[in-house]
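Here is a protein chain to look at. Please keep the sequence and the model in view while reading.

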Amino acid sequence: MIVASLLAWFDTCIGVLKAYWCRLVRRTKEGSQEGGPYLPMTWLEAHMLKNDAFPSYMHASPICYVINSAIFFRDGLPSTDEVKTVLQDKLLKYHRFASVADPDNRSWNVVNVDVNDHFTQHDPVADTKVLEDKINEIISLPLDPTRPLWEVHTIPVVKGEDCMLFRTHHSMADGLSLVSVYQSLTTEADGSPAKVVPGKAVKAHSKLTFEGLFLMAVDTLRSALHILYTVFQPLESSFTFNTPRKHRGGDMRWSGSRRAVLFKPFSLEYVKAITKRTPKKVTVNDVLLSASVGAIRAYSGDTVNDTTTSMRTLLALGFPANLPNRPSTDRLTNTFSINACDLSKAIRATDPVSRVMATNRAMNRLKKSMEAFVEFWLMNVFFPLLPVQIYQYIAKRYFANHTMLFSNVPGPAKSLYFAGKEVTGVQGIFLDAISEVTLISYNGKVYYNIALDQTVVKDWPRFEHLFRQELLELGKTVGVPSDIAL
């Protein structure tokens, strides 16, 4: 009887696994680039649209799924007619920008688009401070799901650079894809189309030996177990910059309060000069992430303990889509992973050099592992096979265990023109369940902003000063020449 029961149980398990496998194969075929006239909506994109990637008790806002991209003009805004012509002739060539989302059927349905429905002109504002307030006002509103999920706003500034704000739903594309879209709307100074520079492709592995394959398999398993651990590990320490442990360990209810703090652009050359002078080689990301941690430490004051405080961040890592058989206007994807990085040693460090080196070690550990690929596979292949409630629970725990999300998107290395006007600056802004730092490089400058809960980080205007102070002290300590200014 016991043997028969065990055999029946084993047969049931095999049946369940077989059903999951068949479902996976079917989903894979549906999602392949040969599966239809347009690139289909993924499982994750559908749940972004349904606003249910987090549990309902968090009361997450739909604005958590909107990518806001500000571009600035020093010599006045482009003419309204020319802007609308660019939107009509170039932007609407992208399938998803000319379609209404249908998350229930996981499809993008083409409609007739009137760009006037997506274009808003605002009254002039006095200066850059009031402009930041205006941007925060606009991005606090959700997009209209009955239309294609994008908007364009123009905001003249009396004393400062004028602003054009693009708002695009994250389900349509990730940051890497959107940078390519926006580049395709621009031109060189002579009016010729700007060259769209794709993201760096993932390096192909050379032929692996049996030993190499075995080690990769072992690290894949280790990475999966580490990701699982990061979900269920103890919460971080309480310090002034972070929400209380009671909130993170409870329902993590959306406060309804988010503030995007836009920093003045600073020199990419200065940051690179730091990377060349540290005791061991570090990267631009190491320096910028370390400076963010240093600013958090300074802001939090005595609530950070030099020996016991724990702090972690999430890193958004993008994978350029490999879709050679798709037209360039149908390659918008969400091919990213969100990975955990323990920065406890960085926030405990008492000086900027020790902090950047601790950050470098934490980042290198992640780069040398399979975690980014495993997390991408879990999010796009494994979780779609399970009830969505499991994904929601894990997403909530994952975010609750981290202070912020850090994202750095490389932008054009030289100045570009939009509708005949030079673009003099850019910002990418994303409001999330936790604080989010978003950086984008453009024409030799780094454009940095942090979206945070202003009911928690109440003295938020001070944060930019603390960040710049950390960078300057780091540069001075490692010997950045005085002729290279921040």
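This is a predicted model: local features need pLDDT of at least 70, side-chain atom pairs count only at pLDDT 80 or more; totals for chains, interfaces and linings use all residues.

Residues are numbered from 1 along each chain as its sequence is written, and side-chain values use heavy atoms, with hydrogens and water left out.

Reader: How many aromatic pairs are there?

Author: Rings of Phe, Tyr and Trp (its six-membered ring) pair if their centres lie within 6.5 Å. Counting by that rule gives 19 aromatic pairs.

Reader: Is the pair of Trp 377 and Phe 382 stacked or edge-to-face?

Author: Planes under 30 degrees apart count as stacked, over 60 as edge-to-face and the rest as tilted. The centres of Trp 377 and Phe 382 are 5.8 Å apart, and 20 degrees lie between the planes, so the pair is stacked.

Reader: Is Trp 377 buried, partly exposed or exposed?

Author: Buried means under 20% relative accessible area, exposed over 50%, and partly exposed in between (1.4 Å probe, protein chains only). Trp 377 has 43% relative accessibility, so Trp 377 is partly exposed.

Reader: How do helix H6 and helix H12 cross?

Author: Helices (H or I, at least four residues) and strands (E, at least two) are DSSP runs, numbered from the N terminus. Axes are lines fitted to C-alpha atoms, for helices over the stretch in contact, with angles from 0 to 180 degrees between N-to-C directions. The axes of H6 (residues 210-232) and H12 (residues 371-382) come within 9 Å and cross at roughly 65 degrees. Because angles of 65 to 115 degrees count as such, H6 is roughly perpendicular to H12.

Reader: Which residues of H12 make the contact with H6?

Author: Contact means heavy atoms within 4.5 Å. On the H6 side are Thr 220, Arg 222, Ser 223, Ala 224, His 226 and Ile 227. On the H12 side are Glu 371, Val 374, Glu 375 and Leu 378.

Reader: Where is Trp 460, and which residues does Trp 460 touch?

Author: Trp 460 sits in the loop between strand S18 (445-452) and helix H14 (461-478). Leaving out residues up to four places away in sequence, Trp 460 touches Glu 132, Arg 259, Val 261, Leu 452 and Gln 454.

Reader: Which residues of helix H8 are buried?

Author: H8 (residues 268-275) is mostly covered, with six of its eight residues buried. The cover includes strand S10 (266-267), helix H9 (284-300), strand S17 (435-442), S18 and H14. The buried residues are Leu 268, Tyr 270, Val 271, Ala 273, Ile 274 and Thr 275.

How values were computed. Angles under 35 degrees count as roughly parallel, over 145 as roughly antiparallel, 65 to 115 as roughly perpendicular and the rest as oblique.
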